[in-house]
Amino acid sequence: MPLDILYHDDDMLAVNKPAGMLVHRSWLDRHETQFVMQTLRDQIGRHVFPVHRLDRPTSGVLLFALNRRMANLLCQQFEQKQVEKHYLAVVRGYLSGQGRVDYPLSVREDKIADKFAQRDKPPQQAVTDYYGLDRVEMAYPAGRYQTSRYSLLRLIPHTGRKHQLRRHLKHLFHPILGDTQYGDLHQNRALTANIGVNRLMLHAHKLIFSHPVTNANIEICAPLDSQWQLLFERFGWQYPSE
């Protein structure tokens, strides 16, 4: 199945990465056969260069360069925090208004891939802004609660730590729905049983940055997939305004 191309020019392109798809081949997932990079390369007939990444269960805007020079320029923008990233998330409980999570995160290393990495690194600065967009209470139980409450958030990370958004929302006691590592198992099961949604409800909704060649302001938005659309329909939520 071809990838949905959101933006394409002579130097770069962006796709809407499906949830559950790896960005590139990894020996940690030897049995996986589908990857965004390989699929995209076959789709457009040329090499692509990743400039950032999304976790496997996260969907949304994923940007690639089409040559090494552009890859270096775009990577510099990400490293210098010149790219604005907007995510949508559905979390447990009511979280309204807006706020900032300034909570350092310890380095999470893979036991195999990072076995030679330095141990006992101090926690790294991690900052995330959140904005409450909507909320709902559903009349079905989850765990010890007789009803289930959810909030729709816009998240803007200002740093790029591993699993930052998922760990910051867990820190607030409002874990992201469908998160099997940091989330609420009872809430995840209730959402699947009653709504039919079984994915991580985290979506890279928008990227905003300056084109390294033309200096034009680039804003790329990724539509929501069918599970997000189903959830919005059942919860009575409106698609968030740009």
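Me: How many residues lie between β1 and β2 in their hairpin?

Reply: Three residues separate β1 and β2, and the two strands form a hairpin. This is a predicted model. Strand β1 covers residues 4-8 and strand β2 covers residues 12-17. They pair in the antiparallel sense over four bridges.

Me: What does the protein chain hold in helices and strands?

Reply: Five helices and ten strands. The C-alpha atoms fill a box of roughly 55 × 45 × 40 Å along the principal axes. The radius of gyration is 18 Å, which agrees with the value near 18 Å for a compact globule with 242 residues. Of the 242 residues, 46% are buried. Now look at contacts with a separation of 6 or more: 66% of them join residues 24 or more positions apart.

Me: Now a helix. Which residues of α5 are buried?

Reply: First the general idea. An α-helix has 3.6 residues a turn, so residues three or four places apart point the same way. Now the case here. Helix α5 spans residues 226-235, and Trp228, Leu231, Phe232 and Phe235 are buried in it. These residues cover an arc of only 100 degrees around the axis, which puts them on the same side of α5.

Me: Which residues are exposed on the other side of α5?

Reply: Ser226 and Glu233 are exposed there.

Me: What do the buried residues of α5 pack against?

Reply: Their partners include strands β4 (59-65), β5 (84-92), β7 (127-138), β8 (148-157) and β9 (202-210). Helix α4 (185-195) is another partner.

Me: And the two ends of α5. What sits at the start?

Reply: Asp225 does. One of its side-chain oxygens reaches to within 3.1 Å of the backbone nitrogen of Gln227. Just after α5 comes Gly236, with a positive phi of about 70 degrees.

Me: Which side chain joins Ser59 in a polar contact?

Reply: That of Arg199, at 3.0 Å. Leave aside neighbours within four places in sequence, and Arg199 is also among the residues in contact with Ser59. Others include Lys17, Leu54, His203 and Trp228. Trp228 is one of the buried residues of α5.

Me: How should I read Asp129? Where is it placed?

Reply: Asp129 is in strand β7. It counts as buried because its relative accessibility is 10%, and the cut-off for buried is under 20%. A polar contact of 2.7 Å joins its side chain to that of Arg100. Beyond four places in sequence, Asp129 is in contact with Gly99, Arg100, Arg154, Leu155, Ile156 and His158.

Me: Last one. How many disulfides does the structure hold?

Reply: The general idea: a disulfide is a covalent bond between the sulfur atoms of two cysteines. The structure holds zero disulfides. Two cysteines are worth a look for accessibility. Cys75 is partly exposed, with a relative accessible area of 22%. Cys221 counts as partly exposed at 25% relative accessibility.

Methods
Residues are numbered from 1 along each chain as its sequence is written. This is a predicted model: local features need pLDDT of at least 70, side-chain atom pairs count only at pLDDT 80 or more; totals for chains, interfaces and linings use all residues. Side-chain values use heavy atoms; hydrogens and water are left out. Buried means under 20% relative accessible area, exposed over 50%, partly exposed in between (1.4 Å probe, protein chains only). The arc is that of the directions from the helix axis to the C-beta atoms. Contact means heavy atoms within 4.5 Å. A polar contact is a pair of N or O atoms within 3.5 Å; within protein, one must be able to donate a hydrogen and the other to accept it, and residues adjacent in sequence count only if both atoms are side-chain atoms. Two strands pair if DSSP finds at least two bridges between them. A disulfide is a pair of cysteine sulfur atoms within 2.5 Å. The radius of gyration is taken over C-alpha atoms; the globule rule is 2.2 Å times the number of residues to the power 0.38.
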